[in-house]
Amino acid sequence: MSLKLSVIGTGYLGATHAACMASMGFEVIGVDVDQMKIDLLAQGRVPFYEPDLEELLTEQIKSGRLTFTTDFKAIKDCDVHFICVGTPQVKGGNAADLTYVDAALEQIASIVKAGSLVVGKSTVPVGTASRLRTRLIQVNPDVDLAWNPEFLREGFAVEDTLRPNRLVVGTTSDKAEATLKQVYAKNLADATPWVRADLPTAELVKVAANSFLATKISFINAMAEICEAAGGDVTVLAKAIGYDPRIGNRFLQAGIGFGGGCLPKDIRAFMARAEELGAQQALEFLKEIDSINLRARQRIIELVRKDLTDDLTGKKVAILGAAFKPDSDDVRDSPALDIAAQIQAAGAVVTVHDPKAIANAQKRFPALNFAQEIEKTLQDAEIVLHLTEWKIYRELDPTKMKSLVKNPIMIDGRNALDRTAWRNAGWKFRALGVSEELEKK
Ligand code: UGA
């Protein structure tokens, strides 16, 4: 008999997981405390931008397999319950805020049926799963809890959930593993690597992976600083080291660094947890990873000052991109938006464009100017900053864009534009990690 699943928490992770599991043929109930979110999802509407998700959601709702509710009792007949709630950074500290995870567990503990399995997917500090499992069994002795971290990327959420590059399951119970093998039978048939671990290791896999990715980005951004100082070009350096398969060429895109709701808060929460465990020295390096990352934002502002004038008062600055990365409308800890706000705070008149993230950006920084059209954003600009590498920006015609601006100065904060094309059209083109001498050539 097919398993019946519930998904607790219908944000990025939960909504995607629910829709994807339904598309694999399971009956799925999505539950959230947020009535507005549930109402939207129930109508097949996704409250954020994620390619392909809305289509999949609508299709699965129509099939009858996928439903949404705020009534937790609705999950009582489900066999497997996925906890997908958020674990943001605590206000005024570095640790993860576990309020939502704890509340989710409390809400379902006495409802879930005997023999069912609760599966954590949220990113949590190591030790959380074991604590939750103890609590769950205390309330409901006939259930078990496993940990199954999620590695989906925003912008590729559907693809990553349907075709993950590995599945990690934290449990010491063969029964729990067998249940999850049933859930992921399709992936296993596709030969997706399956890693069984204990609870703490499964929790650690997630934060270790994000720390490694953050380290890769900050490493290349550190090299960018050296290239600028030594007269080199970080894009060539990245390409050259990336040919070594031990290094690999992905996540070596130098620029204004990482942001979003995961990498920055995860490395901080990891450091905070290591400190609690008395192992802070092991993660001291992550402090440096964080500062290199934040420094990139300052370095681009320095470039603006160098290319315009130290005093930015009244200067017209156009910014292309507000989302923390392309194909997302997420502006949480967005480097682009942070830079925009800082330049505005320095007295400049900043206009920001983004194909999807303007509404979210506006909520966070209502004092910034936003434009729906690229042409309007660039009109009379004294400098243009490319800060989120949306495809539409790479497709811009530099000659046409030059006719709009006051000064044709482009600073590419993502090393993603075709420098030669922009230079040939008469732009002064600058990028992070490329020395000024090289830029002048
Ligand atoms: C990240 C991880 O990549 C996922 O595997 C993980 O599941 C997710 O966090 C999570 O914990 O939920 P995501 O936050 O969607 O995914 O974004 P990434 O694609 O990792 O990009 C993070 C940031 O790094 C972006 O701001 C991006 O612009 C920046 N980045 C990425 C660079 O600056 N350079 C690069 O070479 C790559």
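Analyst: Leaving out residues up to four places away in sequence, Asn 148 touches Phe 82, Val 119, Gly 120, Lys 121, Val 168, Val 169 and Tyr 184. The model is a predicted one. Asn 148 sits in the loop between β6 (144-147) and α6 (157-162). Its relative accessibility is 1%, and because buried means under 20%, Asn 148 counts as buried. Two of the residues it touches also take part in polar contacts with its side chain. The side chain of Lys 121 makes a polar contact with the side chain of Asn 148 at 2.7 Å. The backbone oxygen of Val 168 is reached by the side chain of Asn 148 at 2.9 Å.

His 81 belongs to strand β4 (residues 80-83). With a relative accessible area of 0%, His 81 is buried. For a sense of distance, His 81 and Ser 291 are 210 residues apart in sequence, and their C-alpha atoms are 38 Å apart in space.

Thr 69 is a further buried residue with a polar side chain contact. It is found in strand β3 (residues 66-69), and its relative accessibility of 18% is the reason Thr 69 counts as buried. A polar atom of the Thr 69 side chain lies 2.9 Å from the backbone nitrogen of Asp 71. Leaving aside residues up to four places away in sequence, Thr 69 touches Ile 29, Gly 30, Val 31, Asp 32, Ile 38 and Ala 74.

Next come the nonpolar cores. The largest nonpolar core has 51 residues, and the members that touch the most others are Val 317, Ile 343, Val 350, Leu 378, Val 384 and Leu 385. Helix α13 (residues 335-345) gives the most to this core, with five residues. Val 384 shows what such a position looks like: apart from residues up to four places away in sequence, Val 384 touches Ala 318, Leu 320, Leu 378, Val 405, Ile 409, Met 410, Ile 411 and Trp 427. A second, separate core has 40 residues, including Ala 15, Val 28, Phe 48 and Leu 56.

Leu 56 lies in helix α3 (residues 53-63), and with 11% relative accessibility Leu 56 counts as buried. Leu 56 and Asp 266 are 210 residues apart in sequence, with 29 Å between their C-alpha atoms.

The model also holds a ligand. There are 21 residues around the ligand, and Leu 152, Glu 154, Lys 206, Asn 210 and Phe 324 come nearest. This shell divides into ten nonpolar, four polar and seven charged residues. Helices α9 (199-230) and α11 (263-276) each supply at least two residues of the shell, and α9 gives the most, with four. A polar backbone atom of Phe 324 is 2.8 Å from a ligand oxygen, and a backbone N or O atom of Leu 252 is 3.3 Å from a ligand oxygen. For Lys 325, a polar side-chain atom lies 2.8 Å from an oxygen atom of the ligand. On its own the ligand has 720 Å² of accessible area, and the protein covers 90% of this.

Most residues other than glycine have a negative phi. Asp 327 has a positive phi, near 60°, and Asp 380 has a positive phi of about 60°. Asp 327 is placed in the loop between β9 (316-320) and α13, and its relative accessible area of 32% makes Asp 327 partly exposed. Asp 380 is placed in the loop between α15 (374-378) and β12 (383-386). With a relative accessible area of 39%, Asp 380 is partly exposed.

Notes: Residues numbered from 1 in each chain as written. Predicted model: local features only at pLDDT ≥ 70, side-chain atom pairs only at ≥ 80, totals over all residues. Heavy atoms only, no water. Core = buried A, V, L, I, M, F, W, Y, C linked by side-chain atoms within 4.5 Å. Buried < 20%, exposed > 50% of the residue type's maximum accessible area, 1.4 Å probe, protein only. Contact = heavy atoms within 4.5 Å. Near = heavy atom within 4 Å. Polar contact = N/O pair within 3.5 Å; in protein donor to acceptor, adjacent residues only side chain to side chain. Areas by Shrake-Rupley, 256 points an atom, 1.4 Å probe, with all protein chains shown as cover. Nonpolar A, V, L, I, M, F, W, Y, C, P; charged D, E, K, R; others polar.
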